[in-house]
Amino acid sequence: MSLNHVRPWRNIHRRKSRQIMVGPVAVGGDAPISVQTMTNTITADAAATIDQVLRCAAAGADIVRVSVPDEASTAALKEIVAASPVPIVADIHFHYKRAIEAAEAGAACLRINPGNIGDASRVREVIKAAKDHGCSMRIGVNAGSLEKHLLDKYGEPCPDAMVESGMDHIKILQDNDYHEFKISVKASDVFLAAAAYQALAEATDAPIHLGITEAGGLTAGTVKSAVGLGNLLWSGIGDTLRVSLSADPVEEVKVGYEILKSLGLRHRGVTIISCPSCARQGFDVIKTVATLEDRLAHVTTSMSLSIIGCVVNGPGEALMTDIGFTGGGNGSGMVYAAGKQIHKLGNERMVEEIVAMVERKAAELEAEKAAAAEAAE
């Protein structure tokens, strides 16, 4: 990422990694950190799975993974891939034939552990299918399913065991002259996952897929993921991520972007800066923010919006946001644009006015972007 010479404390120096392609999406190198999610429908139900893929893509997912545990799933995969606007990753466990079928069906990537799909000849068959059909792979190490010999050696899941497992799997692929892979070392324990990823980042130049697996429900899982992934991303580790929540996959995409946005690593949509509200608020902050989040969900242009209940911090926050509203007295507040006061506005018209301002600003920014791109050609 570009260095911030004015505020150097905001600089993040990303780890250097190889770059691979997951369909048209670059992962690793200097590519943006991509956001993934995974469907939780029955994959064989192509219509339901496609609907969920489309909702996730609309929310900003760069890549969507689907589980393919049986032949019915791989049979549906071709239809799912054809309907998806984003690359599809096929999640494989144990059944090497499912991996071959998924590659043939058009999956952009196979999530697989080479060590658990059989002997060397089966691994070679999967690698051949991946090469023949332009698939990349993700080596997915999980603390909950480490190989028995590693558990015997280390006594329990630990960072060394997870990294050793990952490096063993890397060797299997490299010994077969296959290098289009990324790797993850996930755990539900934040400390274990973070330590494993830190060691992995030193051990390989492969692109790293980040995740805190089985993180929990929407609130608990969001907090756990933000702590674990935020720590790693801040230190420059991570090329793609998935937030694992027991919730609608669309929520995983939203949380993933919020983590990246908070660190300045990706920018998408409206970032709302709002106060928690108190007795000083001049309008119902919580209800207003919830309404604006819903009304502005369609805006993908990156911009900032401050919604502050009173004049204690409101004017200061508005100085640093594209658009702002600060509560005042007598049922009205002040509207700001680019840090400058524009006009007073009654609370009853606030939402409609702000939505209109954001939409106009988004259109202006997109027009400027298009003009710049045209001038560069």
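Colleague: In which strand is the place of Arg111?

Modeller: Arg111 sits in strand S6, residues 109-112 (strands are DSSP runs of E, at least two residues, and helices runs of H or I, at least four, numbered from the N terminus). The model is predicted, so to speak of local features takes pLDDT of at least 70 and side-chain atom pairs 80 or more, while totals for chains, interfaces and linings use all residues. Residues are numbered from 1 along each chain as its sequence is written, and side-chain values use heavy atoms, without hydrogens or water.

With a relative accessible area of 7%, Arg111 is buried (under 20%; exposed is over 50%, partly exposed in between; 1.4 Å probe, protein chains only). Its side chain reaches the backbone oxygen of Gly140 at 3.3 Å. Gly140 is also among the residues in contact with Arg111 once neighbours within four places in sequence are left aside; the others are Arg65, Val89, Ala90, Asp91, Ile92, His93 and Arg138 (contact: heavy atoms within 4.5 Å).

S6 belongs to an open sheet of eight strands, in the order S8-S7-S6-S5-S4-S3-S10-S9, with parallel pairing (strands pair if DSSP finds at least two bridges between them). S8 (181-186) and S9 are the edge strands; each has a single partner strand, so one side of each is left without a neighbour in the sheet. S7, residues 136-142, runs parallel to S8 and is joined to S8 by six bridges. Ile139 has Ile183 in S8 as its bridge partner. Helix H7 packs on this sheet, touching S8 and S9, and its direction makes about 150 degrees with that of S8 (between N-to-C directions of lines fitted to C-alpha atoms, for helices over the stretch in contact, on a scale from 0 to 180 degrees).

Leaving out residues up to four places away in sequence, Leu233 touches Ile12, Ile33, Leu210, Gly238, Leu241, Ile259, Leu260, Leu263 and Leu265.

Leu233 is one of the buried residues of helix H8, together with Gly221, Ser225, Gly228, Leu229, Gly230 and Leu232. The buried residues of H8 pack against helix H7 (190-203), strand S9 (209-210), strand S10 (240-242) and helix H9 (249-262). H8 covers residues 218-234; at 1.5 Å a residue its 17 residues should span 24 Å, and the end C-alpha atoms are 22 Å apart, which agrees (the expected span is 1.5 Å times one less than the number of residues). After H8 comes Gly236, with a positive phi near 95 degrees.

There is another open sheet, of five strands with mixed pairing, in the order S11-S12-S13-S14-S15. Its edge strands, S11 (270-274) and S15 (340-346), each pair on one side only. S13 (residues 323-327) pairs with S14 (residues 332-337) in the antiparallel sense over five bridges. S14 and S15 are likewise antiparallel, over six bridges. They form a hairpin with two residues between them, where Ala338 in the turn has a positive phi of about 55 degrees.

Terms used: A polar contact is a pair of N or O atoms within 3.5 Å; within protein, one must be able to donate a hydrogen and the other to accept it, and residues adjacent in sequence count only if both atoms are side-chain atoms.
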